[in-house]
Amino acid sequence: MAATQTEQVVLKGLPLEALERWAVSVGEPAYRGQQLFDWMYHLGAQSAEAMDNLPKPLRQRLTEETIISTAEIVSSTPSQGGTTIKYLMALGDGRQVEAVSMLEKGRHTVCVSSQVGCNVGCGFCATASMGLLRNLKAGEIVDQLLLARDDRQEPVTNVVFMGMGEPLLNYREVLQAAELFHDPKGLGIGAGKITISTAGVVPRIEQFARENRPYRLAVSLNAATDEIRSRIMPINDTWPIAQLLSASRLYANRPKRTVTFEYVLLAGVNDSIADAKALVKLVQDIHCKVNLIPYNDIGGDFRRPAEEVIDAFFREVAGASFPVMIRWSNGSDIAAGCGQLAVEVA
Ligand code: SAH
Ligand code: SF4
C-alpha cells in the first residue's frame, strides 16, 4: 500500500556522513551536514528555528520534513545536596525513560537508558517490572545526554549505559549513540569514559570484542555460582557463568581493555565470605576490576547487607590481584541509584 504521507526523517542520532547525504539529497551543499551536526550535537539545538546560520528556506524544509529532537524533559528531581539529578524524559511517542546526571570530583557522568523497560527479568531490578516496551533509537539516547548537559550547563565527561534496559539487546542503536558520544567532531568523550553495562548477552559481548570496540565493558556478574546466578538473573539459564567469562575474557584480552565486573550485594543471597572467595577464583585470571554495589531498595524481597558484611566481603576480595571498589550509588534517596529506574506504564 502506498504511503499517504511522507515520513519525517529523524536527524538526531545520524552521523556526519548521513547528514551530509541528507543535505545533498535535498539539493544543498554537503557542508550543511556539518552545520546540522554542530547545531545538534555541540549547540544542543532542539529545533530548526534556532539554526540561524542556515538559509530560511532550508530551515522551513527542516521543520516540515525532519524531526530534530525526539525527547524532552518532563521533570527533574535533585538528590539531597543536588549533586545528582534524575530526569524523567518523554519521547516522541509519549513513552518515557529516565536518565541520571551526577556531578562529582570534577566529573559530569550521565547515566542513559537504552530501552523503554527491559525483559531480562533480574529479580533485584526495578526496570524488570516494566517488561520491554521498545528499543530506543540512537537519537533518543543522544538526546538524554544533551538534555541533561544543557539543563545542568556542564559539559559531560563520562557516560554510562546503566539506565533502563539491556544495551546489548539494542546493539546497533547503542553503538551508534556511543560513536556520536566519542566522535571528536561529535561530543568528543574519550572511549575509556564511555561504559556499556550488560547482564551478559554472550553473543553480543563476543561481537563487541571481535569488532574491537574501544568502549569500556561492564558485566553484571552478581553471583559466583550458576545456582545463585540463575536464581536472581534468568539470563544465566541461557548463558551460564562459564560462557559469560570466556566472552568477557575475549574482550579483556584485547590490548588496553579491562572488563569491569559488577556485583550487587544482596543480603543472605551472595554476600558470604565463601561467595567472596568464589568470586575471586572466577575472575582472578581475567584482566578486570570489580565493583561491589550495595543493593538499592526497590521494595521487593531483597535486602542490602549490613555494613560490616559489606566491609568483610570487600576485605576478602581486596586481597586479590585486581582492583576492587565499593560503589555506593548516588541519588538512592531519589530512586536514581543503580536498578531503581522505572516509570509508570499505562
Ligand atoms: N542492563 C544492564 C544495565 C542496566 S543495570 C545491566 O544489567 O548491566 C545497571 C547496573 O545496576 C547493573 O550492574 C545491575 O546489576 C545493577 N542493579 C540492578 N538493580 C539494582 C539494585 N536494585 N541495586 C543495586 N544495583 C542494581
Ligand atoms: Fe534489565 Fe539490567 Fe535491570 Fe537486569 S539489571 S532487568 S538486564 S536493566
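Me: If a nonpolar core is a set of buried Ala, Val, Leu, Ile, Met, Phe, Trp, Tyr and Cys residues joined through side-chain atoms within 4.5 Å, which residues touch the most other members of the largest nonpolar core?

Reply: This is a predicted model, in which local features need pLDDT of at least 70 and side-chain atom pairs count only at pLDDT 80 or more, while totals for chains, interfaces and linings use all residues. Residues are numbered from 1 along each chain as its sequence is written, chains are lettered from A and ligands numbered from 1 in the order in which they are written, and side-chain values use heavy atoms, with hydrogens and water left out. Buried means under 20% relative accessible area, exposed over 50% and partly exposed in between (1.4 Å probe, protein chains only). The largest core has 115 residues, of which those touching the most other members are Phe124, Phe161, Phe181 and Phe261.

Me: Which strands stand at the edges of the sheet, each with a single partner strand?

Reply: Strands (E, at least two residues) and helices (H or I, at least four) are DSSP runs numbered from the N terminus, and two strands pair if DSSP finds at least two bridges between them. The open sheet has ten strands in the order β3-β4-β5-β6-β9-β10-β11-β12-β13-β14, with mixed pairing. One side of each edge strand is left without a neighbour in the sheet, because each has a single partner; these strands are β3 (71-78) and β14 (324-326).

Me: Is strand β4 largely enclosed by the rest of the structure or left open, and how many of its residues are buried?

Reply: Thr84, Lys86, Leu88 and Ala90 point one way from β4, Ile85, Tyr87, Met89 and Leu91 point the other way, and all are buried. β4 is therefore largely enclosed by the rest of the structure, the count of buried residues being eight of eight.

Me: Which residue in the hairpin of β4 and β5 takes a positive phi?

Reply: β4 pairs with β5 (residues 96-104) in the antiparallel sense over seven bridges, and leucine 88 stands opposite glutamate 98 in β5. Four residues lie between the strands of this hairpin, and the one with a positive phi, near 90 degrees, is glycine 94.

Me: Which residue is the bridge partner of valine 259 in β13?

Reply: Strands β12 (residues 259-265) and β13 (residues 288-294) run parallel and are joined by seven bridges. Within this pairing, valine 259 has as its bridge partner cysteine 288.

Me: Which side chain makes a polar contact with that of serine 197?

Reply: Serine 197 is in strand β10 (residues 194-198) and, with a relative accessible area of 9%, is buried. A polar contact is a pair of N or O atoms within 3.5 Å; within protein, one must be able to donate a hydrogen and the other to accept it, and residues adjacent in sequence count only if both atoms are side-chain atoms. At 2.9 Å, the partner side chain of serine 197 is that of glutamate 262.

Me: Which side chain does aspartate 285 join in a polar contact of 3.3 Å?

Reply: Aspartate 285 is found in the loop between α10 (273-283) and β13, and counts as exposed because its relative accessible area is 54%. Its C-alpha is 8.8 Å from that of serine 321, although the two are 36 residues apart in sequence. The side chain joined to that of aspartate 285 at 3.3 Å belongs to arginine 249.
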